[in-house]
Amino acid sequence: TSNAMWGGRFAAGPDEIMEAINASIGYDRRLAAQDIAGSRAHAAMLGATGIVDPTEAEAIREGLLTVLSEIEDGSFVFSTALEDIHMNVEARLKDLIGPVAGRLHTARSRNDQVATDFRLWVRDQIDAAMTGLEALQFALIEQAEAGAEWVMPGFTHLQTAQPVTWGHHMMAYVEMFGRDASRFRDARARMNESPLGAAALAGTGFPIDREMTAEALGFDRPCANSLDAVSDRDFALEFLSAASITAVHLSRLAEELVIWSSAQFRFVSLSDRWSTGSSIMPQKRNPDAAELLRAKLGRILGATVGLFTVMKGLPLAYSKDMQEDKEQVFDAADSLMLALAAMTGMVGDMTANRDALRGAAASGFSTATDLADWLVREAGLPFREAHHATGALVAKAEAKGCDLPDLTLEEMQEVNPAITEGVFDVLTVEASVASRSCYGGTAPEQVKRQAAGWRARLSRG
Ligand code: ARG
């Protein structure tokens, strides 16, 4: 039998395989709430403008609420033959209120309908991402404030570079996640326009009120070009791009947690709630959550590349390719929200091992730069010469099997006679971090200032 929505032109129904490849109801049922909100706004506008009799429009709006409650309580029966969420909802509406349901689709197409539903869905995810990022930032700020004074090694090439503070390291991620949140905020502002009323692609001749539906759905304004409104999915691409960058940041922090929780580093202990054991090795505490979080980027970036590829060759306006826009975004959004929540939990629960951090910071000649700077400041050497002399002192200490502060003054003076007792003041890791008090530096006072600044910014919203 031919299709109930467009059967007029058709004698036969679709092949079974056609039905399978064509149907999106298996996943786009996730748009049910948005679809019904969009339809209710459209129906209200049809009634208000007199395009549909106001009593009939009200019956449609009521019927849609019943459909929504059936979907929410699980009694709704989804049909693959009805292809997608839009036609499933409309068919059920017809069962409930009769042929009047057929008036809902006046001055509308599934093209502007799906573009509207999907924007509303992505908009909610953007809001959830911003909320999730903020919670993670607070967890990091708490770590930063607790450990503003704790000294740890800062690395380049994963080799000991200079001492930094635990708080400074935590605050680095607060900055990154803050930029991530601002990317979502920007994307939201750009995408918050209503496609509804673009109809199939050209707009409609019915005297619709696009401002009214836009406002009812919380959009800032209607999209200004009907072709653009139904054709583009850049709002989804932007969401995925922002999600990918966030996931890169999450993955880098996860990688650090994996390294830091190893027996060789022992910088942090992850709580039992975020670790697993081994079925054979009784001593094991594995950082599985961090590892999975590292892997989530693969999915999110995969979805991003996937949708870019779907969109890149499509002529305007709608092509059915665009039905393949949703699954990847759903999966990426689910992965992102889970990753944000897991990272927030892990960071909130983790314990930094202050002694291990300090021990590691004090090894590996981490204050060599402080020594070179001292030679510049106190002995008047050009930096290049100071660098060379310090290199020789490091070699001396290495040969002796000790660290820089363990060399005697005589040993130092063999390398450069201008060195005096005062040099020992700058060789401790505490002195090193305290000295780096320029704006953005690792000194505890700077870290505390940055943390307080972020707290104020976040609570202002
Ligand atoms: N399920 C479709 C999608 O997700 C809805 C739009 C269908 N429009 C069309 N002209 N066939 O893209």
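**Exercise 1.** Is D370 buried or exposed in this predicted model?

*Solution.* Take the relative accessibility of D370, which is 6%. Buried means under 20%. D370 therefore counts as buried.

Next, find the partner. The side chain of D370 meets that of R436 in a salt bridge, at 2.8 Å from N to O. Now place both residues. D370 lies in helix 14 (residues 368-379), and R436 lies in the loop between helix 17 (429-435) and helix 18 (444-460). The two are 66 residues apart in sequence, so the pair ties those parts together.

**Exercise 2.** Which parts of the chain does the salt bridge between R233 and D325 link?

*Solution.* Start with the contact: the N to O distance is 2.7 Å. R233 sits in the loop between helix 9 (226-231) and helix 10 (234-260). D325 sits in the loop between helix 11 (288-311) and helix 12 (326-349). The pair thus links distant parts of the chain, 92 residues apart. R233 is buried at 1% relative accessible area, and D325 is buried at 1%.

**Exercise 3.** Where do R110 and D84 lie, and which network holds them?

*Solution.* R110 and D84 form a salt bridge, with the closest N and O atoms 2.6 Å apart. R110 is in helix 6 (residues 110-146). D84 is in the loop between helix 4 (54-73) and helix 5 (85-97), 26 residues apart from R110. R110 is partly exposed at 24%, whereas D84 is buried at 3%. Finally, follow shared partners: salt bridges join E83, D84, R110 and K320 into one network.

Terms used
Residues are numbered from 1 along each chain as its sequence is written. This is a predicted model: local features need pLDDT of at least 70, side-chain atom pairs count only at pLDDT 80 or more; totals for chains, interfaces and linings use all residues. Side-chain values use heavy atoms; hydrogens and water are left out. A salt bridge is a side-chain nitrogen of Lys or Arg within 4 Å of a carboxyl oxygen of Asp or Glu. Helices (H or I, at least four residues) and strands (E, at least two) are DSSP runs, numbered from the N terminus. Buried means under 20% relative accessible area, exposed over 50%, partly exposed in between (1.4 Å probe, protein chains only).
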